[in-house]
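Please look over the structure shown below before reading on. The questions after it take up one topic at a time.

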Amino acid sequence: MRPLRNPVIQIILSSVLAAWMRFCFATIRWTWEGREHAEGVWAAGGGVLCTFWHSRIGLSPSCWPLDRAQSAKALISLSPDGQFIARAVALQGFPAVRGSSANKDKADAAKGGSQALRDGLKQLKIGALAVTPDGPRGPVRVMAEGLPLMARMSGAPVLFIGMSCNPAVRLNSWDRALLPLPFGRGAIVYDIARFPAGTALSDVTGPWTGRLTAVEARADAITGLKRL
């Protein structure tokens, strides 16, 4: 068994990772743009889809203040690696809806896609659902149709979130995932949309991909992080 897939090791490392992330978030100097979009969502309450690219999962708890925003869950892959990430995120107040919106070549039974969709729509009746539309295996910054589908079925607004910090650690993963380092500069950029009535999923995926990439690129420009 690979060490990172050992349940005991996963529990230990996820606890360490969660504590490290909290420390970094507390010491980073944050800049926000488009925060009025998020403020409106928090004030309204109810369902909202929060979306960011997979490489920024390690920064995601920083964008959602639990003392002000509605409760949130995260749509995380059922893969063993997803279990490790889910534990670290859950320890910071974001329990997981297990499943994946990507990897269409595998049966729903294998990835938990159908159950995740049902559970995700249930969550959207009461609170926020975080989705990485290029996860769990990419391609990087290529949006699967799961996010637009949930937006159309639920009627919930979609909050596009770009997050960055500098300095940071880049993992040697398929998405070059970003982990924070303390005492640096951070940025969180928000944009918002709703699924346009009478529009095909394929007609929404492209524009939404551009908007999500744009907020991430803007966050990187604020912190000075090199784009990959």
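What follows is a set of questions and answers on this model.

Q: What kind of model is this, and what pLDDT do local features need?
A: Residues are numbered from 1 along each chain as its sequence is written, and side-chain values use heavy atoms, with hydrogens and water left out. This is a predicted model in which totals for chains, interfaces and linings use all residues, side-chain atom pairs count only at pLDDT 80 or more, and local features need pLDDT of at least 70.

Q: How many helices and strands does the protein have?
A: Helices (H or I, at least four residues) and strands (E, at least two) are taken as DSSP runs and numbered from the N terminus. Read from the N terminus on, the elements run α-β-α-β-β-α-β-α-α-β-α-β-β-α. The secondary structure comes to 7 helices and 7 strands.

Q: What share of the residues of the protein counts as buried?
A: A residue is called buried under 20% relative accessible area, exposed over 50%, and partly exposed in between, with a 1.4 Å probe and protein chains only. Of the 228 residues of the protein, the share that counts as buried is 51%.

Q: What span does α1 reach from its first C-alpha to its last?
A: The expected span of a helix is 1.5 Å times one less than its number of residues. For α1, which has 21 residues, the expected value is 30 Å. The span in the model is close to that, at 31 Å.

Q: Which residues make the nonpolar surface patch of about 410 Å²?
A: Patches are made of residues with over 30% relative accessible area and no salt bridge, where like charges are joined within 9 Å and nonpolar side chains (Val, Leu, Ile, Met, Phe, Trp, Tyr) within 5 Å; the accessible areas come from the Shrake-Rupley method with a 1.4 Å probe, and for residues only the protein chains shown count as cover. The patch is made by Val8, Ile9, Ile12, Leu13 and Val16.

Q: Which residue in β5 does Ala72 stand opposite?
A: Two strands pair if DSSP finds at least two bridges between them. Strand β3 (residues 72-76), mostly covered with 4 of its 5 residues buried, is joined by 3 bridges to strand β5 (residues 128-131), and the two run parallel. Within β5, the residue opposite Ala72 is Ala128.

Q: How many disulfides does the count come to?
A: A disulfide is a pair of cysteine sulfur atoms within 2.5 Å. The closest cysteine sulfur to that of Cys24, in Cys165, is 7.6 Å away, which is too far for a bond. Cys50 is in no disulfide either, as the nearest cysteine sulfur, that of Cys63, is 6.4 Å away. By this rule the number of disulfides is 0.

Q: Why are Glu39 and Arg35 separated by about one helical turn?
A: A salt bridge is a side-chain nitrogen of Lys or Arg within 4 Å of a carboxyl oxygen of Asp or Glu, and Glu39 forms one with Arg35, the closest N and O atoms being 3.3 Å apart. An α-helix has 3.6 residues a turn, so residues three or four places apart point the same way. Glu39 and Arg35 are about one helical turn apart because both lie in helix α2 (residues 35-44), at a separation of 4 residues.

Q: How many residues apart in sequence are the parts that Arg68 and Glu39 tie together?
A: Arg68 also forms a salt bridge with Glu39, with the closest N and O atoms 2.3 Å apart. Arg68 lies in the loop between β2 (48-51) and β3, whereas Glu39 lies in helix α2, so the separation of these parts in sequence is 29 residues.

Q: Which residues do salt bridges that share partners join into one network?
A: The side chains of Arg227 and Glu216 meet in a salt bridge of 2.8 Å, N to O. Arg227 lies in the segment after α7 (201-223) and Glu216 in helix α7, so this pair ties together parts 11 residues apart in sequence. Arg227 is partly exposed at 29% relative accessible area, whereas Glu216 is buried at 1%. The network joined through shared partners consists of Arg56, Arg141, Glu216, Asp220 and Arg227.
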